[in-house]
Amino acid sequence: AAADTGPEPTSDSVDLSPLVGDTRRTTSPELNLEVGLRRLYKPIRRSEFYSSGFLTEERALPLGDLLGTVTPLQIEEVSTRSTALLFARVAVTPPEGASYQVGDTLLVVTVRREIPGYGNVIEPTGLLRVVDVSHPQNVAEVIASYGPVRNGQRALPAEKFNDPGHVRPVPISDGVKATVLGNRDVQPLTGPQDVVFLDRGRKDGVALGDIFELRQQPRPRLGMANVIDEAMATVQVVHVGESTCTARVVKIIHPNIPPGTEARQIAKLPS
């Protein structure tokens, strides 16, 4: 791999392996962590914050409706086209009793499965900017796409993204302990950049950019070698709710990460 040529990473392919070290070596985890945290790592991107999704935490969200694409400024002519392209204009209606204003940013989402006790999985597909509210069916422009933006999806006001910038993570020794609730996407194995949900959030001191290490719990297995306490993956928090958070995988060692896997907070961004 090429050596670092400057103080800041310039691409999304920054090597985050120093955060958990090279598993082929026997150096101490503490030393590996210290070495890794001396380097700048990939900062939180605006697109990650908005695209990664979150859990509803059993709240009633202010969900509006995406009705479809429109002929420019002709709201009466709502198309049956299934997918809206970037910069296309779409018709949206706010939830009952609410209204949008020109310039509002809306997150387009699909409401997915329920995780009992933590609400539904919200999977974003894009961002809209409201451009016309002169009709009951407002007009908005697609300004970002994270997946197919389709008729029948929902819209809600987008949260503000407070960019932490290019900062160094600070190691901590008494971090929050959490549990993996599951992957955002239903799949048998977990890979780099996949999204997982943890059962700790803002009320527990979790913040954007926090680093968690996912670890196996030691346990005996009948007729097989015992499971030992070892790192499975490293994840970075990209969205924080009140009692849950969303994290992206930045280093994977063992791809079979079931719900219930322990997560330990090992670093935070300076406040």
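A salt bridge is a side-chain nitrogen of Lys or Arg within 4 Å of a carboxyl oxygen of Asp or Glu. In this predicted model, Asp-194 is buried yet has no salt bridge, because the nearest side chain of opposite charge, that of Arg-248, is 6.5 Å away, whereas the definition asks for a distance within 4 Å.

Asp-194 sits in the loop that links strand E12 (177-183) to strand E13 (195-198). Once neighbours within four places in sequence are set aside, the contacts of Asp-194 are Gln-187 and Leu-189, together with Ala-247, Arg-248 and Val-249.

## Confidence in the model

The protein chain has an average pLDDT of 84, and 76% of the residues score at least 70. Over residues 1-18, however, the pLDDT is below 50, although this stretch has 24 contacts in the model beyond near neighbours in sequence. Residues 20-27 also stay under 50, and for them the model has eight contacts beyond four places in sequence. Where pLDDT is low, the predicted coordinates should not be read in detail.

## Nonpolar cores

The largest nonpolar core has 17 residues, and those with the most contacts inside it are Leu-198, Phe-212, Leu-214 and Val-235. At least two residues of this core come from each of E12, E13, strand E14 (211-215), strand E17 (231-240) and strand E18 (245-252), with E17 giving the most, at five residues.

Val-235 touches Val-196, Asp-210, Ile-211, Phe-212 and Leu-214, as well as Ala-247, Arg-248, Val-249 and Val-250, when residues up to four places away in sequence are not counted. Ala-247, Arg-248 and Val-249 are also among the contacts of Asp-194.

## Aromatic residues

Two aromatic pairs are found in a search of the whole structure. One of them joins Phe-49 and Tyr-50 in an edge-to-face arrangement, with 4.9 Å from centre to centre and 80° between the planes. Phe-49 is buried, at a relative accessible area of 9%, and Tyr-50 likewise counts as buried, at 7%. Together with Phe-161, Phe-49 and Tyr-50 form one aromatic cluster.

## The segment after strand E19

Pro-270 is placed in the segment that follows strand E19 (262-268), and its relative accessibility of 45% makes it partly exposed. Beyond neighbours within four places in sequence, Pro-270 is in contact with Val-167, Arg-168 and Val-170. The C-alpha atoms of Pro-270 and Gly-209 are separated by 9.6 Å, with the two residues 61 residues apart along the chain.

Methods: Residues are numbered from 1 along each chain as its sequence is written. Side-chain values use heavy atoms; hydrogens and water are left out. pLDDT is the predictor's confidence in each residue, from 0 to 100. Contact means heavy atoms within 4.5 Å. Rings of Phe, Tyr and Trp (its six-membered ring) pair if their centres lie within 6.5 Å; planes under 30 degrees apart count as stacked, over 60 as edge-to-face and the rest as tilted. Buried means under 20% relative accessible area, exposed over 50%, partly exposed in between (1.4 Å probe, protein chains only). Helices (H or I, at least four residues) and strands (E, at least two) are DSSP runs, numbered from the N terminus. Lys and Arg count as positive and Asp and Glu as negative; His and the chain ends are not counted. A nonpolar core is a set of buried Ala, Val, Leu, Ile, Met, Phe, Trp, Tyr and Cys residues joined through side-chain atoms within 4.5 Å.
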